[in-house]
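Please take me through this structure in the viewer, one selection at a time. For each stop, say what to select and what is found there.

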Amino acid sequence: MHVLVAGGAGYLGSTLVPHLLASGHQVTVLDRFFFGEEPLAAARARHGARLRLLRADLRDVPSGAFEGVDALVDLAGISNDPACELDPGLTRAINLEACLATARAAAEAGVQRIAFASSCSVYGHGESTSLTEESGLAPVSLYAHCKADAERGLFALGAERGLPVTALRLATVFGLSGRTRLDVAINVMTKNAWVDRKITVEGGGRQWRPFVHVRDVAEAFRRVLEAPAAVAGGQVLNVGSDANNTRIVNLAYRIRDQVPGTEIVMAGTDPDRRDYNVGFAKIGRTLGWTPPTSIDEGIAEVLAGLREGRLDPADRRCYTLKHYLFLAEVERAYAEVALDGRILARP
Ligand SMILES: NC(=O)c1ccc[n+]([C@@H]2O[C@H](COP(=O)([O-])OP(=O)(O)OC[C@H]3O[C@@H](n4cnc5c(N)ncnc54)[C@H](O)[C@@H]3O)[C@@H](O)[C@H]2O)c1
């Protein structure tokens, strides 16, 4: 199968793309490469001939991008709450409008499957525990609103075109990847314990959140793409495991178990409105598989990455908001001082 992975050079993509290649698929990555091409360097060296990199914007997908493509996986976009708030118009243009336009272009080009990276954050402030795919949505951020609206638009397109669309509502992801994010809860708290021997718990700590390992996310996408259309098409799947639902404060204790001597400080911040405990029975029923990696394994993996120097906690690209702020500043400075496309070098 030839899979076009939009946003394939980010945190999830740099694990999913090599996983699809190793499973025998051909992959095109369409990405702005905001975090560079480095996250895919190893995949390129290993599977070069079956991996095509297409530097393009989701808002302006080149005609012909979907030639010979069987399936679209959409991971592209601004990927967390604070980065989405930087420019709400831009966020809607990429995360919602471009997402739907790209799916439509894929359908028109004859693509047979679409798998979309949605988020359990669409449940927002969950009223009950064990929210299922049938539970009502209560998104509390622009990021989550865009996910909920994109799901609706994609399913409408799927119904109109007879195209199997699957929305994977991912739990918050953890673990190492080609572009490891150190702004997702488990990874950042582990990094803080390692670097500062201190974890600050924001938002009260009693809020529930589900988690899933980045390799398990990649496996979930692979299984969705390879499942019969009648099984995965038209489905919403929560991606995670019941065992990996936890209160944020418990995460801090579990990390301290692995980094003894870590101080845990409760911040005097407002309660976090993102509070959801999610049920994951349906993915087991549908795909015959449940994400197996535990939170404790993920903490150990991130710690090993830090200890062995494979993960640099000072690398700006590990922090989504910080990196987008940097790119916006570069764009401003460039507009002000560039001459014939150069800054310090002579034109
Ligand atoms: N990481 C998580 O915990 C998590 C949880 C739930 C859902 N998701 C969703 O999964 C998807 C991937 O998340 P991630 O953590 O890998 O994010 P990421 O920021 O690491 O990757 C996003 C990729 O999209 C690219 N991109 C951004 N705007 C683009 C544009 N206009 N055109 C082309 N490419 C563009 C970036 O260059 C980047 O490579 C996102 O949609 C995110 O919302 C992530």
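Start by selecting strand E5, residues 113-119, in this predicted model. All 7 of the 7 residues of E5 are buried, so the strand is largely enclosed by the rest of the structure. Colour the two faces separately. On one side are Arg 113, Ala 115, Ala 117 and Ser 119, and on the other Ile 114, Phe 116 and Ser 118; both faces are covered.

Strand E4 (residues 71-74) runs parallel to E5 and is joined to it by 4 bridges.

Now show the ligand and its shell. Which residues come nearest to the ligand? Of the 28 residues around the ligand, these are Gly 7, Gly 10, Ser 79, Ala 117 and Val 173. Ala 117 was already on screen as part of one face of E5. E5 and E7 each supply at least two residues of the shell. Coloured by class, the shell has 14 nonpolar, 8 polar and 6 charged residues.

From that list, centre on Gly 7. It is found in the loop between strand E1 (2-6) and helix H1 (13-22). Is Gly 7 buried or exposed? There are 24 other C-beta atoms within 10 Å of Gly 7, and the cut-off for a buried residue is 20 or more, so Gly 7 is buried. Leaving out residues up to four places away in sequence, Gly 7 touches Gly 13, Asp 31, Asp 74, Leu 75, Ala 76 and Gly 77. Asp 74 lies within the residue range of E4 (71-74), the strand bridged to E5. For a distance check, draw a line from the C-alpha atom of Gly 7 to that of Leu 30: the two are 23 residues apart along the chain and separated by 6.1 Å.

Move on to the sheet that contains E7. Three strands form an open sheet in the order E7-E9-E11, with mixed pairing. Strand E7 (172-174) and strand E11 (245-247) stand at the edges with a single partner strand each, so one side of each has no neighbour in the sheet. From one strand to the next the twist averages 45°. Select strand E9 (residues 208-213) together with E11: 3 bridges join them, and they run antiparallel. Pro 210 stands opposite Asn 245 in E11.

Helix H7 (residues 214-226) lies across E7 and E9, at about 75° to E9. Helix H9 (residues 248-258) lies across E9 and E11, at about 90° to E11.

Stay with H9 and pick Val 249, which is found in that helix. Val 249 is partly exposed, with 16 other C-beta atoms within 10 Å. Not counting residues up to four places away in sequence, Val 249 touches Val 201, Gly 205 and Arg 206. How far apart in space are Val 249 and Leu 51? They are 41 Å apart, C-alpha to C-alpha, and 198 residues apart in sequence.

Two backbone angles are the next stop. Most residues other than glycine have a negative phi. Phe 33 has a positive phi, near 55°. Phe 33 lies in the loop between strand E2 (26-31) and helix H2 (41-47), and is partly exposed, with 17 other C-beta atoms within 10 Å. Asp 340 also has a positive phi, near 50°. Asp 340 sits in the segment after helix H12 (320-337) and counts as exposed, with 7 C-beta neighbours inside 10 Å.

Finally, zoom out to the whole chain. The secondary structure comes to 12 helices and 12 strands. The radius of gyration is 20 Å, close to the 20 Å that the globule rule gives for 347 residues, so the chain is as compact as a globular protein of that length. Along its principal axes the C-alpha trace spans about 60 × 55 × 40 Å. Buried residues make up 44% of the 347 residues. Among contacts with a separation of 6 or more, 81% are between residues 24 or more positions apart.

Notes: Residues are numbered from 1 along each chain as its sequence is written. This is a predicted model: local features need pLDDT of at least 70, side-chain atom pairs count only at pLDDT 80 or more; totals for chains, interfaces and linings use all residues. A residue is buried if 20 or more other C-beta atoms lie within 10 Å of its own, exposed if 12 or fewer, and partly exposed in between; C-beta atoms are placed from the backbone. Two residues are in contact if their C-beta atoms, placed from the backbone, lie within 7 Å. The radius of gyration is taken over C-alpha atoms; the globule rule is 2.2 Å times the number of residues to the power 0.38. Two strands pair if DSSP finds at least two bridges between them. Axes are lines fitted to C-alpha atoms, for helices over the stretch in contact, and angles run from 0 to 180 degrees between N-to-C directions. A residue is near a molecule or strand if its C-beta atom, placed from the backbone, lies within 6 Å of it. Ala, Val, Leu, Ile, Met, Phe, Trp, Tyr, Cys and Pro count as nonpolar, Asp, Glu, Lys and Arg as charged, and the others, Gly among them, as polar.
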